[in-house]
Amino acid sequence: MDRLPAVGESATVRISISSQVRVDGAKLAVRLPRGLRLDTGGTALSAARQVGLDQVAEESFALSTRGRTVTLRVTALTAGAAQIQADVTGTEREHAAHASTEFVVGDRPGTSRAGIAGTDSQAESISVTPTVSGTAVSLGKPAAAAAGQICATGQFTFTDKNGTWLAGRNIPVTVLGKATSNAQNQTYATGLTGAADGRYNVCFTSPVTTMYSVSVRFTSETSVWKVTNNQGAAPYTVTTAAKLNVPSGTNPSFGTTSPASTHMRGWHAFDTLNLLWAARASGTNCWTARETSNCTLMIIHWQPGSTDGTYFDNGVPYGRRYVALMDADPDSEHLVLHEAGHAFMDLLYAGWWPASDCPSPHYLHRRSGPSCAWTEGFANAITGYVKGDGMFYWPSGESMDLMQTNWFNPSQPVSRTNPEDGDTVEARVAGSMIDLWRQVDGGPARTFDNMRLNRSSSFREWFNDDRPLAGLDVSASTRNLVYTHTIDYRTGTPGSSLTNGGFESGTANWTITGGVVGNWTNYPAQQGSWYAWMGGNGVTNTDTLSQQFTVPSGTSTLNYYLRIVTRENGPTVYDTLKVQIVDGSTTTTLATWSNANAGSSYVSRTANLSQWSGRTVTLKFVSVEDGSLQTDFLLDTLAVTAS
């Protein structure tokens, strides 16, 4: 802005947009409060439309890597806090940006100032019917106050980014009053807005026949969660105008109250935590069964224009534990629940966390570390389950379906619709947990209690080791359900068909030497995150990998993927991998691969097993290295198919 306007003054606003890629279908949305008038003349912006207490004007254009600048004029109409926001979105899911500027409009020239201080706002009295879960909840008519009492009544509401009015639930209500004109304003009663409709009816015994004044204050702090500014010092408050000369035996209505638009998102974040609170299943009035009173608070830091976020601070090393949200983050209830999910895991684990192996940045659809996928996947599972849609939405409106079960297509780029596979992918872990809660466990309650009693460093550890401790099902059908999310924990017994061919259950069903099965990040797996890595020592060495199984009757084929990486040069064979079938005392070599077969990717290999039709045999891989220059033999996605 070229200046900070006072009432009646205008200012020029310049929005500079830069992009690293060309975006043909970019859209700019400019949002400002109704205390400012937007002049769209000379721009391609649409006429401003009302959205909640704000107004929004939009423009679509092709955005090149040279960027774009949009200039517009605003005129200040009323004094008070103001925020001008700009959001840019594109046709691709990853194309989005948000920025804002905050200031206070003065009532005369030279009195405006940058920034917005404080967390209190005067109540906006509005005439709307808010909704909860899409159902309208009107103010209604309260019951008459008892003789000698005064009952303050009304309803609290706020808007989402689309301008939909929503009921503010479980918000602390304080009834303030003065018995006489000379008295101090004091608290006469407290309560909460309704958990279903945001309404309140808070009564007190009047000390006088007629109270000089009565007002209502709402606060974003309960005994179990709160939303504060970034310093964590002050919750948000909204105070109604006082009603004067209120007789006892009456129920003054304060109507439908809303916070100022600049604080709206903070109240949205507060309300969103109701969803997690309803799902906590602690059996106590605290977040977990660890506590029955003096509950640990779940704390969110947010303020208008904040760029501090988005993360959960687990208190290391400074002992503070809170969720930090950026300015527009509360626009996505999914994102608020995700970060609150981290705080919830922190409470379940009593402050313990597995060692972080998250890359920076990390993504829902890409491989990360086992612990990263577990902690992030749990938070995403909380989001998709509590919201009931199995989705994750960003504040810009971008989204990812956590329940997609398509396997990664290596011929296409990794994306939110083509996620990588396995239990080191956040979205795959999230989808698995949501399906377990929906289809097997009857909800997440037993998972939460299991986590309270047992600490897990990965989804694999939780599923295979800790889940059974709570009596949660890990049968073949449940493992098959998890497998639909590309996580292969299917197991079998020696003497049956080939199992755990993707190594996603580690060494289960395999006999190994040399520690050849793992989920290393040195190389990617062909599918999932685990694979067998034979050789790779650069010294004289032999590794083996084997499994006993029954060859299907009739015609059958061994299928496997092999990648070979070597430091050897030329076509001379130095290091080898043999694929063998051991039938009693007879060993048959199906194929021999060497450093001379090295390549940059996995290659599908096959071998005919029909001559062992119906027999129980051992499939064996043997790698042999010479005394120098390593060769890596990478095996994954083994299967035996009958035809």
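A pocket is an open set of grid points with protein on both sides within 12 Å along at least five of seven lines, and its lining residues have an atom within 4 Å of a point. In this predicted model, the second largest pocket has a volume of about 600 Å³. Its lining is made up of 27 residues, and those that lie nearest the centre of the pocket are Ile-17, Ser-18, Val-88, Ala-97 and His-98. Two or more lining residues come from each of the strands S1 (10-17), S2 (23-33), S7 (80-89) and S8 (96-105), with S8 giving the most, namely six residues. When the lining is sorted by class, 14 residues are nonpolar, eleven are polar and two are charged.

The backbone was examined next. Most peptide bonds are trans, and most residues other than glycine have a negative phi. Against this background, the peptide bond from Gly-309 to Thr-310 is cis, with omega near 5°, and Thr-310 is found in the loop between strand S24 (298-301) and strand S25 (311-314). A cis peptide bond also joins Ser-360 and Pro-361, where omega is about 0°; Pro-361 is placed in the loop between helix H2 (333-348) and helix H3 (370-387).

The loop between H2 and H3 also holds Ala-350, a residue other than glycine whose phi is positive, near 55°. Because partly exposed covers the range between under 20% (buried) and over 50% (exposed), Ala-350, at 49% relative accessibility, counts as partly exposed. A positive phi near 55° is likewise found at Leu-629, which lies in the loop between strand S37 (616-625) and strand S38 (631-642). Leu-629 has a relative accessibility of 40% and therefore counts as partly exposed.

Notes. Residues are numbered from 1 along each chain as its sequence is written. This is a predicted model: local features need pLDDT of at least 70, side-chain atom pairs count only at pLDDT 80 or more; totals for chains, interfaces and linings use all residues. Side-chain values use heavy atoms; hydrogens and water are left out. On a 1 Å grid over the protein atoms alone, a cavity is a set of points where a 1.4 Å probe fits but cannot get out, and a pocket is an open set with protein on both sides within 12 Å along at least five of seven lines; lining residues have an atom within 4 Å of a point. Grid points are joined across faces, edges and corners, and a volume is the space filled by probe spheres set on the points. Helices (H or I, at least four residues) and strands (E, at least two) are DSSP runs, numbered from the N terminus. Ala, Val, Leu, Ile, Met, Phe, Trp, Tyr, Cys and Pro count as nonpolar, Asp, Glu, Lys and Arg as charged, and the others, Gly among them, as polar. Buried means under 20% relative accessible area, exposed over 50%, partly exposed in between (1.4 Å probe, protein chains only).
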